[in-house]
Each structure stands twice: as structure tokens, then as C-alpha cells.
Amino acid sequence: PATTRDDCIAEQIDEDLRWMASEAARFGMRIMYEPMAWCSVDNTLPKAWERLRRLDQPNIGLVVDLFHICALGGDASHLDGIPAERIYEVQLCDMAAQPPQDKQAIMTIAKHQRQLPGAGIIDIGSFIDKLKSAGYQGPVGIEVFNDDLKRLPPHEAAQQAYAALRRFWP
């Protein structure tokens, strides 16, 4: 993820990412960069994409996590201008309500109360439409940290997650 440290040296991030990209390229690897709502730098998809566009490192791409986009009030328009080949992974989830704009509250909801796609307020269909129209064909998965879901037998939780995923990404 992008840094969550308040004491980071923001000016150093570009240099560090260039170094990581260079090292990863030596081994034919790619780096996924994820903006999280509580990051101290690059906490939105547009900010993270601006950094990657500026760095112009072809082996660094974005993780698109619907929770982190929507927790700060974003929507599918945050995908505008991002080429599909620079999105390396998509993580679907939902949330019951818009969280308070407080880092701690957002982190608590993210780690304990995410919902399965389609069970909350996120307009998941608009994200899927944008991804498909851009030609995205990479990995799409569910990232739902939810205490109630964890209490279910694993096979039941997996069945629910798979059914939710298939409703949006057949």
C-alpha cells in the first residue's frame, strides 16, 4: 500500500518506487500500489494514479479497492483516465453506510464491517461498467473483512462470497 506513516518523507517516495520497480524488473515482477483511505500520502486513486503516471514505470500498477475509494466519498469516476493495463487487481466489497471522515473510524469499518458486494450502498455496477468499458481483464476478487462473516462456517462464507462475486463479475 501507499504509506500510512505520518512521519514519512514524501519527497522520497518517488525515488523508492523507482528503485523498487527497477529491482522488480530484474526478476520479471510487477509492483501493485494500493491507495488506502487512511494513507498519509496517495490516499485516493486519482492521487496514486498521478504518482504512477509521473513515474512512468511500466511494472507498477494500481490496486483498485472499492472500499478505499468510496470511504472518502469517491465513485467510479476515480477510474477515469486510468488505462486498464495499469490496473493490476480489483477488490470488490460494499459498506453499509458512508463512514465518518475520521481515519480511526474508517480503519475500524475496513477491518471489521465490510460487506459483500451488493449488500450495501456502493454502486458496484458503475465500477464494473467502467472497468469493462476500459477493457480490464485482470484479477477481480472479494476483499471483505467482516466479523460476522468470519463466524460462519468457512464453506458457507466462501459460498456467499463467490455468489456475490459472480453477480458482478461473471
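A: Glu50 and Arg53 lie three residues apart in helix 2, and are therefore separated by about one helical turn. Helices here are DSSP runs of H or I with at least four residues, strands are runs of E with at least two, and both are numbered from the N terminus. The two side chains form a salt bridge whose closest N and O atoms are 2.7 Å apart, where a salt bridge means a side-chain nitrogen of Lys or Arg within 4 Å of a carboxyl oxygen of Asp or Glu. Glu50 counts as partly exposed at 34% relative accessibility, and Arg53 likewise counts as partly exposed at 48%; buried means under 20% relative accessible area, exposed over 50%, and partly exposed in between, with a 1.4 Å probe and protein chains only.

The model is predicted, so local features need pLDDT of at least 70 and side-chain atom pairs count only at pLDDT 80 or more, while totals for chains, interfaces and linings use all residues. Residues are numbered from 1 along each chain as its sequence is written, and side-chain values use heavy atoms, with hydrogens and water left out.

Twelve salt bridges are found in a search of the whole structure. One of them joins Asp14 and Arg54, with 2.9 Å between the closest N and O atoms. This pair links distant parts of the chain, since Asp14 sits in helix 1 and Arg54 in helix 2 (residues 45-55), 40 residues apart. Asp14 counts as buried at 14% relative accessibility, whereas Arg54, at 43%, counts as partly exposed. Both residues also belong to a network of salt bridges that links Asp14, Asp42, Arg51 and Arg54.

Another salt bridge brings together the side chains of Glu143 and Arg114, at 3.1 Å from N to O. Glu143 lies in the loop between strand 4 (140-142) and helix 6 (147-150), and Arg114 in the loop between helix 4 (103-112) and helix 5 (124-134), so the pair ties together parts that are 29 residues apart in sequence. Arg114 counts as buried, at 2% relative accessibility.

Tyr33 and Phe67 have the most contacts inside the largest nonpolar core, which has 52 residues. Such a core is a set of buried Ala, Val, Leu, Ile, Met, Phe, Trp, Tyr and Cys residues joined through side-chain atoms within 4.5 Å.

A pocket is an open set of points on a 1 Å grid over the protein atoms alone, where a 1.4 Å probe fits and protein lies on both sides within 12 Å along at least five of seven lines, and lining residues have an atom within 4 Å of a point. The volume of the largest pocket is about 180 Å³, a volume being the space filled by probe spheres set on points joined across faces, edges and corners. Helix 1 (13-26) and strand 1 (31-33) each supply at least two residues of this lining, and helix 1 gives the most, with four.
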